[in-house]
Amino acid sequence: MALMVVKFDLKKRVKLAQTVWFMYWFAVLAGILVLSLGLFFKIELRKRSELMDNNESHFLPNLLIAMGLIACATNAFGGKVCYDSLDPTKFAKWKPMLKTFLVLCVGFNALLVITALLCFVMRIPLQFTLAEGLKNGMKYYKDTDTPGRCYMKRTLDLMQIEFRCCGNDNYRDWFEIQWVSNRYLDFSAKEVKDRIGSNVDGQYLMDGVPFSCCNPSSPRPCIQYQMTNNSAHYSYDHYTEELNVWRRGCRDALLSYYGGIMNTIGALVLLVTMLEVSVTVGLQYVDTSLSTLANPEDMESESEGFLLEKTVKETYTDIMAKMKAMGKGAKVEEGGEGGVATVS
């Protein structure tokens with residue numbers, strides 16, 4: 001027994017075809033939207049690609065771009081089929097390939113759902129990518145004369161200013177690395193010698209942060225050097241005084257920014273998926289309503305459209321049986337080839 005049967009006359013079939021045709025072209029615009037979101041996300045990631053530990057973060061925007069292109073192509077084809085369904089002679093050429101096209105549409109809708117889910121879960125690997133990328137970027141902050149790293153200082157400073165953050169987890173991360181280039185250090189000075197000799201790695205470490213960590217909203221001039229030395233500043237206690245540098249770590253700030261983008265994209269892709277499912281169901285009704293005409297030669301005769309030819313359980317059983325048959329057929333072919341090889 002067919003699932004979700006609907007009776008149609010000529011007027012209803014025409015209205016159905018016109019409605020689905022309109023929805024298909026609206027779905028083309030939705031495909032362009034998905035493509036645009038993928039391009040936007042890719043550009044945003046590329047802006048700070050130096051702070052990413054690997055290129056795997058570009059998998060999601062590339063997937064969105066691909067899905068957007070496929071959506072535009074499939075929806076344009078579906079719209080053409082719906083338009084030609086009003087003319088029996090034109091629709092006849094599309095009829096043999098419609099079942100295959102509908103199956104592909106179902107698979108595409110499933111991929112859209114997976115893409116939307118990835119938008120929500122990719123936040124987890126992005127967190128580790130940013131953590132490692134920022135850690136390496138901070139190490140290269142001082143290498144303004146090294147080819148390939150000379151722009152790292154500018155990138156980090158602009159990021160800290162734009163996102164109002166400091167360090168990887170917090171501002172104290174800058175205390176653990178040398179972020180001042182050796183060319184700006186006076187190695188004859190006692191302070192420099194003492195700082196370099198105070199750690200096994202021979203780095204010039206200090207309790208200070210770059211200028212880009214300073215909070216311009218603070219009423220007090222920025223204290224970015226000797227931040228833990230109370231005696232170095234008048235009326236200052238770093239334990240109780242509210243520091244005038246950004247307290248938020250840049251990993252958390254970037255993760256919040258990119259996570260917000262991915263959540264928004266994921267929600268939009270889910271809405272696009274709902275539209276794609278609707279047009280797929282609509283095309284199925286267009287196809288079945290034309291296939292079940294009481295009198296195929298009389299377009300004004302009544303017909304029935306349905307979602308599935310059988311119930312969900314029967315359809316599932318048929319699909320599994322066909323898959324098993326295909327598997328057995330493949331084994332028989334392998335066995336036949338092996339037998340021929342043995343005889344020869």
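A: Helices here are DSSP runs of H or I with at least four residues, numbered from the N terminus. By that count, Val 113 sits in helix H4. Please keep in mind that this is a predicted model.

The patch you asked about is formed by Val 113, Leu 117, Phe 120, Val 121 and Leu 270, and it covers about 380 Å². Helix H4, spanning residues 95-121, gives the largest share of the patch, with 4 residues.

Asp 194 belongs to helix H7. With a relative accessible area of 42%, Asp 194 is partly exposed too. Its side chain makes a polar contact with the side chain of Lys 190, at 2.8 Å. Asp 194 and Tyr 204 are 10 residues apart along the chain, and their C-alpha atoms are separated by 8.9 Å.

Asp 173 is found in the loop that runs between helix H6 (152-163) and helix H7 (190-197). This residue is buried but has no salt bridge: Arg 251, the nearest side chain of opposite charge, is 7.5 Å away, and a salt bridge requires a distance within 4 Å. Leaving aside residues up to four places away in sequence, Asp 173 touches Met 138, Gly 167 and Asn 168.

Key. Residues are numbered from 1 along each chain as its sequence is written. This is a predicted model: local features need pLDDT of at least 70, side-chain atom pairs count only at pLDDT 80 or more; totals for chains, interfaces and linings use all residues. Side-chain values use heavy atoms; hydrogens and water are left out. Helices (H or I, at least four residues) and strands (E, at least two) are DSSP runs, numbered from the N terminus. Buried means under 20% relative accessible area, exposed over 50%, partly exposed in between (1.4 Å probe, protein chains only). Lys and Arg count as positive and Asp and Glu as negative; His and the chain ends are not counted. Contact means heavy atoms within 4.5 Å. A polar contact is a pair of N or O atoms within 3.5 Å; within protein, one must be able to donate a hydrogen and the other to accept it, and residues adjacent in sequence count only if both atoms are side-chain atoms. Patches are made of residues with over 30% relative accessible area and no salt bridge: like charges are joined within 9 Å, nonpolar side chains (Val, Leu, Ile, Met, Phe, Trp, Tyr) within 5 Å. Accessible areas come from the Shrake-Rupley method with a 1.4 Å probe; for residues, only the protein chains shown count as cover.
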